[in-house]
Amino acid sequence: MSAQVESLVAEGQVEAIAAAVKGGKVRARELVECYLDRIAKHDGTLGCYLHVDADGARRRSDSVDAAVASGATVGPLAGVPIGIKDIFCTEGVETTCASKILKGFVPPYESTVTARLAQAGAVSLGKINMDEFAMGSSNENSAFGPVRNPWDTTRVPGGSSGGSAAAVAAGLCATSLGTDTGGSIRQPAALCGVTGIKATYGRVSRWGVIAFASSLDHPGPFGRTIRDAALMLQSMAGHDDNDATSIAAPVGNYAAACAGGVKGLRVGVPEEYFATGLEPEIEAAVRAAIDTIRAAGAEVVPVSLPHTRYAVAAYYLISTAEAASNLARYDGIRYGHRATNIGSLEELYARSRGEGFGSEPKRRIMLGTYVLRSGYYDAYYGKAQRVRRKITEDFAAAFSKCDVIATPTSPISAFKVGEKISDPLALYLADVYTVGPSLAGLPALSQPCGFSKAGLPIGWQLIAPPLGEETLLRVGGAYEAATEWHKRLPVSFFGKEVV
Amino acid sequence: MSRITLKEVEELAMLSRLQLEGEEAERMRGALEAVLSYIDQIQELDTSGVAPLTHAVGFACPLRSDETAPSLPIEAVLQNAPRKDDRFFEVPRIVPKSDGRNEKSGGAR
């Protein structure tokens, strides 16, 4: 393997990889072989991949190389090896959502986002582990085993897109795809020391993404740097006729925004996001990041988001209600697990679902059924929708005083595998800083802003008004330019390759 | 005094079409109890006069033209069906068999 390929893989930078492939300096196939070797070597420890699509990756990289050799136009992600969260339908490639109920499901069609990334030249290495049906924040809810954090393999990577974050952090793909419903991109990005973005609700198509909570589901990218994530988002975003909630507005120039600087921008800091339960080391790192961005030229202003304390409750009411409805489709008839030796149709439904779903989806379906039940609807679901409006109005009021809001991403750093799995409520409460922007549909990102004394990554969250992705990227880009956190790599997966 | 009884858990499981096995129902009762107790704090907020919000970002929902577009071929739609018969998904018999009529069984096996 050439030193150039090894160095491209160690750096994992989208533009460098695409430029080298387009310029004929390395072949996309060589990169794929290098990543497949790394997966073979390290993924036994980490558990990031549910399905390594080696043959497909070789075939796709060969066709990128053939296009380059023939002088044909290739896309901005030419030859970039990516990992795809197993919630995206990939035509002809098994897609399970990390659930036994979808074991063996081979989608007959491709999601809009994965089709667009392939069109841009990205090469999928395979399907990545996650919490079952994207329900969880530790990746311990996968039916096929947990994912481990590359910074400390006794700890969780976060979730639900924990595999996608861990794979980027450990160099088992250059960039990856995740989804974020209540923080499932931002929280694992923070716990694994990478950058993750959830754009405005409707900015990225949900077509072909297995539904969890439809009014909250956001596909988005992970990258080692903000520019990598921005370049992925550029190819993913934009209107899609197949998603009725897709936004028709033109897509901005995200890579350029990363270099836009923060002069004249006002960064709002809500004290409600620095409350009890926030680890002191995380608070210190995020406050230092705010100082850094002030030094880079931004103005820092206090803002208030007074309904923050109700966000977790509203989120779990709305998301479980939507989940109970969405997951009704798994009936053992059209696809997925079907129980045997059954007598009636009712028994077929109940046994197929009872056998196929793991405990977290079952809890959320039951909770969703409870809150939607006749007689309870107004007190729970209706109430939550009203609180959702209050939370959205909080953000609108704050954005009359600032352009971007800065907060911690997660109140806690990566915890031990098994430490919190028996207490679902404790894990739900850890979503406190990410669910607000989810309920309000706002673009938000998490990027590395430090490390704890134990050597665990810390992330901060930036939130912008609807369609404010470029503002978000200006702040994130300026912060990254002023800091080195994103350059740290988990040594056990890079060894002497560390750059 | 628990707010959710085991009987309610069983009713919810029936409504959710989920068969719970052994200790599962009791564990579920405890989990629902804990989460609902937490969620109750939402009731302290006065939301009178606040309209429910169903769609966070207020962009217009664009209409597509009302034209027939290609759809998946039937074989592709059926490829993941655990049981199929010719061009159909197979389900257990829903209507009880009546005397003297020898309908083809949908398969309670």
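## Chain A: overall fold

Among contacts in chain A between residues at least 6 apart in sequence, 76% join residues at least 24 apart; two residues are in contact if their C-beta atoms, placed from the backbone, lie within 7 Å. The model is predicted: local features need pLDDT of at least 70, side-chain atom pairs count only at pLDDT 80 or more, and totals for chains, interfaces and linings use all residues. Residues are numbered from 1 along each chain as its sequence is written, while chains are lettered from A and ligands numbered from 1 in the order in which they are written.

Of the 499 residues of chain A, 64% are buried (20 or more other C-beta atoms within 10 Å of the residue's own). Chain A contains 17 helices and 11 strands, which are DSSP runs numbered from the N terminus (helices: H or I, at least four residues; strands: E, at least two).

## Contact with chain B

In chain A, 56 residues are in contact with 45 residues of chain B. The largest contribution to this side of chain A comes from α14(A), with 10 residues.

## Packing of α11(A) and α14(A)

The axes of α11(A) and α14(A) come within 9 Å and cross at roughly 130°; axes are lines fitted to C-alpha atoms, for helices over the stretch in contact, and angles run from 0 to 180 degrees between N-to-C directions. The two helices, α11(A) and α14(A), are therefore oblique to each other. Residues of α11(A), including Leu317(A) and Ile318(A), meet residues of α14(A), among them Tyr381(A) and Arg388(A).

Methods. Buried ≥ 20, exposed ≤ 12 C-beta atoms within 10 Å, placed from the backbone. Parallel < 35°, antiparallel > 145°, perpendicular 65-115°, else oblique.
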